[in-house]
Amino acid sequence: MQTNAPAARNDAATPPAGDPPNPLRGDPALRAALARELRAIVGAPHVIDAPEELLVYEYDATIERARPDLVVLPASTEEAAATLAACARVDAPVVPRGSGTGFAGGALPVAGGVVVATARMTRIRELDAEERIAVVEPGVINLALQQAAAEHGLRYAPDPSSQRICTIGGNVGTNAGGPHTLAHGSTVNHVLAVELVLPDGRVTWLGGRQLDAPGVDLRALVVGSEGTLGLVTAVCVRLLPLPEAVRTMLAVFDTVERASEAVSAIVERGVIPVALEMLDAETIRAVESQARLGYPLDAGAVLLAEVEGLAEQVEEDAATVIAALEESGARTVRSADEEAERERLWEGRKAGIGALGAISPNFYLLDGVVPRTKLPAVMREVAALSERYGFRCANIFHAGDGNLHPNIMFDELEPGSSSRVLELGGEILRVCVEAGGSITGEHGVGLEKRSYLGWIFDPPDLDAMTRVRDAFGGSGRFNPCKVLPVSHGCAQGHAAEAGAAALRLARAPGVYL
Amino acid sequence: MTRPEPQETPSGAAGAGAGPDAPSLADLRNCIHCGFCLPACPTYLATGQELESPRGRLHLIRAVVEGRAEPTGALLGHLDLCLQCRACETACPSGVPYGRIMEDARASVMGQPADDAPGRPSRRPAAWRLRALLLRQVVARPRALRTLSALGRLYGRSGLQRLLRGPLARALPASLRRREGQLPDRWPAPFRASGRLAGPAEAGRRVALLTGCIHGEFFPETHRATVRVLDRLGIEVVAPAAQRCCGALHAHAGDAEAARALARANIAAFEEAGVESVVVNAAGCGASMKEYGRLLRHDAAWAERAERFAARVRDVLEFVAAEPFAEPGLGPVERSVTLQEACHLAHAQRIREAPRAILRAIPGLRLVEMAAPDRCCGSAGLYSAVQPEMSARVLEAKMGDVASTGASVVATANPGCTLQLRAGSRRHGVDADALHVIELLDESYRAGAPRGP
């Protein structure tokens, strides 16, 4: 598919052959009847059906667009269940949506259908400080949960950079990580149970209030399923105590490569920081153009390292980390344990991707993973590839666990630029896979990376995943065309598909396992 | 899936996205849809709807500019529900100039001819036209405003207001009662002075005060306090008689033509005064006057003068905080105070520290920060009158935050906020008075030792 074509596929009465059926397209009476039914369930102001209003649900944080047929915002599990039952009766596709901040197109209704947005399900149903668990609705903002937990000296460990707006529901959908994934793991390690509305409208809880619930771990299937199995309407999460002491360090390097080498140098000394983040020169320039946070403008790269724990341990760990940084060629190392200064340093990291909007009209954000030891070599190759394609590339990423986020900057007004960017994105992901890594660390597969899934999974693996999805009953109707590759449901979708088909891996599929 | 072709030149459905005031595509393209603005937006927080979020509104505006959507009544309704508080600008990591995009969008809707094509109704909603008319005929006309404020004083001082808020409250229908509740309940003598207002006899530093439109009629005490404070600092204060309303409300409502006419009149009036700064004690007015340069950018005769003028505009708190205001003489003000940051001070002018520095310097005053002090109170210029329901929802959240500080004073920096917060205190039974920060500083000076020799 042509990326830049003003194609009318989404607005066409009949989708191209091979797409999952959407009875709402081409049947205005059916669509109107469903809208009426949904209004009776959730109240008139919470159903959107005017074409010009549906426009604002056609995007997420990618540059793709797809307009839904209807949007509904239920306020409770009951309303959500009735909504899904109504959609099931007319076989309408359903696409769950949190805050629409995803970078993989996961919330985009590419086959049309009903977007179920969770923005009104924002209650923290329960916060048990003694048991250290919370039960929250999916629309609860990650930061709101952090703040509620902090009042009890607790925290919710996954802290994606978009935490001030991303929802817990979305975090569950993508199995979100964040800077502190390095020490604490990603969302799946912190979700004890989920309340799931199945595609037919039935409600069930999966998992339990303790770790290690008996039986097949269905809870873990839902985390990272990107809304293809059902709609999560509540999440029971594990909370951790806030650390006694925290120290954040900022090390300045002349090159990205030097900084990459420092990552392994730290780990080799037996200290695993709770976070180890890298920002390259392009990113620093973007960040500092928007807010003066004190990142050095002449740096080739900076590493942000954080250690936490008991006060004495933090002292010791910080000294070890600083020694490793200096030995790896850090020009300077700044240390912050004042909350305000730590926050300022983190602000640059968390607003970093957004700040790129100020220096480039468009960017394509990748989410590859490589083994930590391969970082220097892979970073070199990313730079070389970007140069060959003629694009600037900014890097801001979780260096400690090898989760890269190259941001390819471009201008979609330049003819052909979008398809070349996607081609470059494919090349970079291939480098990651060939280095023994993966195509996504935390953003999810969504729409944009499903074609690359075949690089890391054999056909039998993919078949097994498809059968799992189908077992939940939403085959192809729940967030259609997402996660699983072309041959597993959808005829076509993302432009990257063409690129993926053209790129040949140097190794056979399955290298990931 | 579609990816709409971005267009270099705005085509604009029915011209609503075109014309000299059309939002610039370059501004719009800064938005990368990251969503960081959502939690800062009072109307998104109230509704959970993308349609009532900055990201959503920018997308709608862009769709109109690119000719992908018609500016229907429903679409314009979403633009209209925006408070223009610009909290999204502070939250935005990409530096999207939301305030000017929204003003441009409204201006390009209002700038269309009344009948753009035969048989096709104008895209300017009747309510928008009515609002613009009111702003031109009342707010921008001192005589009309004076008549209105005289009627208000009569109503307030005759005891009728007390009756209608007390024993006769039930005589009014609920909607009217709510509107009445938004009216002031203090009716001091208006401030209409011009010329030299204060200052030392010998020639020294000189500033001009924007006396404004509604401000002097309904919030004269803020002006009096401002003049006393500046006098105390040994600075001469003048108020050019030829000055007019600043035009902020006109610009917000999309009446760029009226805003430009007022801007030109003010530039001329203040140039005449020959002052180092133009001091403004209404954050909304100051924000707008600092943007005169942009407002008149297409006017060759005025663009440069406007830029020069804009560079001299100072919010009174910004001005005072840069002076040695805390030198001996501050007396105790034994009050607990919480600060409501005026949106157009915090977000439009990016002044966060000055009001706090002043409050902290006052002996005896306890500053208790509320949750989200930089979230709009729902006043937003004419908004509380035009969108009473949403305004009330936003205010309710604010009063909850105010109440939980237990403060007896909410300090503000803008007359609209003062009015709104006083109405909110009455409606929600919160025992907190709203006062401008400068009034608290004035109180402190008056409680302190008289100025030295």
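How many helices and strands does the secondary structure of chain A come to? The count is 17 helices and 18 strands. The model is predicted, and every value below is computed from it.

Start with the overall dimensions of chain A. Its C-alpha atoms fill a box of roughly 70 × 55 × 45 Å along the principal axes. A compact globule of 513 residues would have a radius of gyration near 24 Å, and chain A has 23 Å, so the two agree. Buried residues make up 55% of the chain. Now take the contacts in chain A with a separation of 6 or more: residues 24 or more positions apart account for 73% of them.

Chain B has 24 helices and nine strands. Its C-alpha trace spans about 75 × 55 × 45 Å along the principal axes. For 453 residues, the compact-globule value is near 22 Å; chain B has a radius of gyration of 22 Å, which agrees. Here 54% of the residues are buried. Among contacts in chain B between residues at least 6 apart in sequence, 78% join residues at least 24 apart.

P68(A) sits in the loop between α2 and β2 (70-72). Is P68(A) buried or exposed? It has 29 C-beta neighbours inside 10 Å, and the cut-off for burial is 20 or more, so P68(A) counts as buried. Its contacts beyond four places in sequence include L54(A) and Y57(A). They also include V95(A), P109(A) and the run G112(A), G113(A), V114(A) and V115(A). P93(A) is 25 residues away from P68(A) in sequence, yet their C-alpha atoms are 9.6 Å apart in space.

Move to helix α4 of chain B, residues 73-80. Its buried residues are L75(B), L76(B), H78(B) and D80(B). What do the buried residues of α4(B) pack against? Within chain B, they meet α3 (54-65) and α6 (98-110). From chain A, they meet α2 (51-54).

A helix pair in chain B comes next. Helix α20 (residues 353-361) and helix α24 (residues 437-447) of chain B have axes 10 Å apart, at an angle of about 25°. Angles under 35 degrees count as roughly parallel, so α20(B) is roughly parallel to α24(B). The crossing of α20(B) past α24(B) is left-handed. Which residues of the two helices meet? On the α20(B) side they are P355(B), I358(B) and L359(B). On the α24(B) side they are V437(B), L440(B) and L441(B). By class, this contact has six nonpolar residues, no polar and no charged ones. An α-helix has 3.6 residues a turn, so residues three or four places apart point the same way.

Finally, look at the backbone. Most residues other than glycine have a negative phi. R350(B) has a positive phi of about 55°, although it is not a glycine. R350(B) lies in the loop between α19 (343-348) and α20 of chain B. It has 13 C-beta neighbours inside 10 Å and therefore counts as partly exposed. A372(B) also has a positive phi, near 50°, and is a residue other than glycine. Its place is the loop between β7 (366-367) and α21 (383-386) of chain B. With 17 other C-beta atoms within 10 Å, A372(B) is partly exposed.

How values were computed
Residues are numbered from 1 along each chain as its sequence is written. Chains are lettered from A and ligands numbered from 1 in the order in which they are written. This is a predicted model: local features need pLDDT of at least 70, side-chain atom pairs count only at pLDDT 80 or more; totals for chains, interfaces and linings use all residues. Helices (H or I, at least four residues) and strands (E, at least two) are DSSP runs, numbered from the N terminus. The radius of gyration is taken over C-alpha atoms; the globule rule is 2.2 Å times the number of residues to the power 0.38. A residue is buried if 20 or more other C-beta atoms lie within 10 Å of its own, exposed if 12 or fewer, and partly exposed in between; C-beta atoms are placed from the backbone. Two residues are in contact if their C-beta atoms, placed from the backbone, lie within 7 Å. Axes are lines fitted to C-alpha atoms, for helices over the stretch in contact, and angles run from 0 to 180 degrees between N-to-C directions. Angles under 35 degrees count as roughly parallel, over 145 as roughly antiparallel, 65 to 115 as roughly perpendicular and the rest as oblique. A crossing is left-handed if the near helix is turned anticlockwise from the far one by less than a right angle, and right-handed if clockwise. Ala, Val, Leu, Ile, Met, Phe, Trp, Tyr, Cys and Pro count as nonpolar, Asp, Glu, Lys and Arg as charged, and the others, Gly among them, as polar.
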